[in-house]
Structure formats: structure tokens, C-alpha cells
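Me: I have a chain open here and would like to go through it slowly. Could you help me read it?

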Amino acid sequence: MDNVLAHPRIGIFGGSFNPIHVGHIGLARQLLSLASLDEVWFLVSPLNPFKKAATDLLDDEKRLLIAREALEGEQKLKVSDYEFHLPKPSYTWNTLRHLQADYPTCHFVLVIGADNWLAFDHWAHPDYILANFEIAVYARPNCVIDPAALPHNVRFFKTRLYDVSSTAIRENIKNGLPISGLVPDHVEGLITESYRK
């Protein structure tokens, strides 16, 4: 994540990306404009605290490779293994704390779905995140957000809803079904081969 602009607004989009898909990428593209971000960093998580029991989580390095290949050519969308070098499991407050220390000239904006915002009080150290970082919340199906009730540094964006999920992609591959249109065309073969068992 070197060679960044002076005082850029960086969206932090964390997740397992198991695998990354067109919904992730479409959301990031929208938020670049809607949330006035200079870049969005996809932080591939080695272990999500809420997915400890996941048995179909592809190898960390493989998910990272696929994400990088998927975002090839996207000038403002970056993939990072930053959380690979932090204690596991990866907690957002700790990741943000380290990012701010390592990149003091950057203004970090946490990017999360409306479903995660509705459960935000169950996160580790939510008050720390709210006190120190801006949060951009994107729309999710069946998740009602009242923008007027949000804290001053939390903004809700009516982004497009994407009918795609990493779980569905893995299921399609497992059942020999196509994933065309669900992932970028140029990584479709790589993803299919990686998740086929």
C-alpha cells in the first residue's frame, strides 16, 4: 500500500473474500464516488472472528492471489494482506489502530454492510471505532437503516443490491454449476479450479 496520495481518504473493506465476486467489486466502485474515497483497500482476513467454524475457507494466500488477480487493472481498488501480519483472529478495531499508526497521513473510512452496522454493538471495541473513524454503511437486503439516527461520523449509502454471494459461488462449483457473471470473467477459471474438490 505504498505510493499513496497525500492525506487520501481510504476505504477499508475487510472480509474473507472466499472468493471475491462482482458484488464486492461493484460496491467498492460505487463507494469511491458516493463516499468520496480516493481508494478502497480490500483487506483479506485470515480469520473472521464470526466464522471460526468455517471449514470451506480457502487457503489465505490463495484467496489473496485470487483477489489481486480479480482487481487487476482497477486503479483505485487495492488488495492487501495487512491483516496477515496482525494477531489472529483479526478484529477490526485492532486493524484500524495499526493502520492509523502505520499510515498517519491517511484518513481511513471503515466500509461495512447494513447487516454489520445493525450488529455493530456486538463487535469488539465498537466505541473505539466510532470515536476514531468514519464509517460508510452500504445497503443490504432486508436491513432497514434510519440515516437520521446514525452517529455524526456514520453515513448510509443506498448502493445497488447485488444478488450474489461467496457461499452461492462455492455451492455452484461444488455442484458443477456455472459461476459466469458472478465473478470477473478473467478469474472465473482460477476460482473454479481453486474451489473444486
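**A buried threonine and its surroundings**

Reply: Thr159 counts as buried, because its relative accessibility is 6%, where buried means under 20% relative accessible area, exposed over 50% and partly exposed in between, with a 1.4 Å probe and protein chains only. This is a predicted model, in which local features need pLDDT of at least 70 and side-chain atom pairs count only at pLDDT 80 or more, while totals for chains, interfaces and linings use all residues. Residues are numbered from 1 along each chain as its sequence is written, and side-chain values use heavy atoms, with hydrogens and water left out.

Me: OK, and where is Thr159 found?

Reply: Thr159 sits in the loop that runs between β6 (154–157) and α6 (166–174); helices (H or I, at least four residues) and strands (E, at least two) are DSSP runs, numbered from the N terminus.

Me: What does the side chain of Thr159 reach?

Reply: It reaches the backbone nitrogen of Ala139, at 3.1 Å. Leaving aside residues up to four places away in sequence, Thr159 touches Leu27, Gln30, Leu31, Leu34, Tyr138 and Ala139, where a contact means heavy atoms within 4.5 Å.

Me: Switching to Ala67, is that one buried or exposed?

Reply: Ala67 is buried, since its relative accessible area is 1%, and this residue belongs to helix α2, which covers residues 60–70.

Me: Which residues does Ala67 touch, then?

Reply: Ala67 touches Ile20, Val44 and Val79, again not counting residues up to four places away in sequence. As for Phe157, Ala67 is 90 residues from it in sequence and 24 Å from it in space, C-alpha to C-alpha.

Me: Zooming out, how many helices and strands are in the chain?

Reply: The chain has 7 helices and 6 strands, and from the N terminus on they follow the order β-α-β-α-β-α-β-α-α-β-β-α-α. The chain is as compact as a globular protein of 197 residues, because its radius of gyration is 16 Å, close to the 16 Å from the globule rule; the radius is taken over C-alpha atoms, and the rule is 2.2 Å times the number of residues to the power 0.38.

Me: And what share of the residues count as buried?

Reply: Of the 197 residues in the chain, 48% count as buried. Looking at contacts between residues at least 6 apart in sequence, 68% join residues at least 24 apart.

Me: Last one, what box do the C-alpha atoms fill?

Reply: Taken along the principal axes, the C-alpha atoms of the chain fill a box of roughly 45 × 40 × 30 Å.

Note on methods. A polar contact is a pair of N or O atoms within 3.5 Å; within protein, one must be able to donate a hydrogen and the other to accept it, and residues adjacent in sequence count only if both atoms are side-chain atoms.
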